[in-house]
Amino acid sequence: LVIGACIDGIRNSTATYTPDRAWDGTAWLNDGYVKGSGWSAVPKDAEHFPLFKAADFRRSTSYGSIVVWPASHSAFHYHNAIESVAVLRNKYLTYGHPVKDAMTMNLAEVNGDINAMIECVLGRPTGRPLKHGLEPGGLAARKARKNLGPIPIAFDVPGYAERRMAELRDMIDETFF
C-alpha cells in the first residue's frame, strides 16, 4: 500500500523541488533520482526523496532502477479493462501521449501494441510491422519456456486468458468484419 503523500502530484507543503523525468517530464525519474545512481540529482538541502509515479515503482528494485530495455520493469501493472473499441480509441485520444486521429484512423495504426493485439487475436498479420513480434505458439509456449521471464498472475487463473481472448476477438470482429 502506498499512501497518497508518496505519489507524484500529491504534494505536502515541504516539497521544495520537482525531479526531472523522462519523456518531457511525464514518465519515470531520470538518472540521479534513484538509489542506483546515488541520488546525485536530489538537492543537498532536500528534506525528502522524489515522489514516485507508477512508472518509478515498475522500474525500481532494491538496488535501483532497471534500465535495460525491453526488460526494464520490475512489476506488472493492470490497465483498465477495455470494454469496446470506442473506449480503446478514446484512451489513445486522451491519454498521456495522445494520438490526434485515434477515433477515426485505422485501428492497427493507432499504436504498435494495438496492432500486436489485433494480430494475436486474429491469428494473422495486419500488414503493419510489429515492434516486438508475437510469441510463437502463444501463451502456452511462453509458459512452457520458463526462461522468458515472469507472466502476470492473472494468466494463471483457469480460463482467464481464454475468456479475455474471446472478448477481444468479439471487439475486433465488430471493427473489421
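I started at Asn111, which sits in the loop between helix 4 and helix 5. Helices here are DSSP runs of H or I with at least four residues, strands are runs of E with at least two, and both are numbered from the N terminus. Before going on, I noted that this is a predicted model, where local features need pLDDT of at least 70, side-chain atom pairs count only at pLDDT 80 or more, and totals for chains, interfaces and linings use all residues. Residues are numbered from 1 along each chain as its sequence is written, and side-chain values use heavy atoms, with hydrogens and water left out.

**Entry 1: Asn111.** Is Asn111 buried or exposed? I found that Asn111 is buried, because its relative accessible area is 18%. The cut-offs are under 20% relative accessible area for buried, over 50% for exposed, and partly exposed in between, with a 1.4 Å probe and protein chains only. I then looked up what Asn111 touches and got Tyr92 and Tyr95, not counting residues up to four places away in sequence. A contact means heavy atoms within 4.5 Å. At the start of helix 5, a side-chain oxygen of Asn111 also comes to within 2.6 Å of the backbone nitrogen of Asp113. For a polar contact, the rule is a pair of N or O atoms within 3.5 Å; within protein, one must be able to donate a hydrogen and the other to accept it, and residues adjacent in sequence count only if both atoms are side-chain atoms.

**Entry 2: helix 5 itself.** Which residues of helix 5 (residues 112-122) are buried? My list reads Ile114, Asn115, Ala116, Met117, Ile118, Glu119 and Val121. These buried residues pack against helix 3 (85-94), helix 4 (107-110) and helix 7 (160-176).

**Entry 3: helix 5 against helix 7.** Two packed helices are described by the angle between their axes and the distance between the axes. The axes of helix 5 and helix 7 come within 9 Å and cross at roughly 105 degrees. So helix 5 is roughly perpendicular to helix 7. Axes are lines fitted to C-alpha atoms, for helices over the stretch in contact, and angles run from 0 to 180 degrees between N-to-C directions. Under 35 degrees counts as roughly parallel, over 145 as roughly antiparallel, 65 to 115 as roughly perpendicular, and the rest as oblique. I also checked who meets whom: Met117, Ile118, Cys120, Val121 and Leu122 of helix 5 meet Met165, Leu168, Arg169, Ile172, Asp173 and Phe176 of helix 7.

**Entry 4: the cores.** How many residues are in the largest nonpolar core? It has 16, and the ones with the most contacts inside it are Leu88, Tyr92, Leu107, Val110, Ile114, Met117 and Ile118. Helix 3, helix 4, helix 5 and helix 7 each give two or more residues to this core. Helix 5 gives the most, with four residues. A nonpolar core is a set of buried Ala, Val, Leu, Ile, Met, Phe, Trp, Tyr and Cys residues joined through side-chain atoms within 4.5 Å. There is also a second, separate core of five residues, including Tyr17, Tyr33, Val42 and Phe52.

**Entry 5: Tyr92 and Ala102.** I went back to Tyr92, which touches His97, Pro98, Val99, Ala102, Val110, Asn111 and Ile114, again leaving out residues up to four places away in sequence. Ala102 lies in the loop between helix 3 and helix 4. Ala102 counts as buried because its relative accessibility is 0%. Apart from neighbours within four places in sequence, Ala102 is in contact with Arg89, Tyr92, Leu93 and Val110.

**Entry 6: Phe52 and Lys53.** Phe52 is in the loop between helix 1 (22-25) and helix 2 (54-58). With a relative accessible area of 18%, Phe52 is buried. Lys53 lies in the loop between helix 1 and helix 2 too, but Lys53 counts as partly exposed, at 23% relative accessibility.

**Entry 7: the whole protein.** To finish, I zoomed out. The secondary structure comes to seven helices and two strands, in the order α-α-β-β-α-α-α-α-α from the N terminus on. Buried residues make up 25% of the 177 residues.
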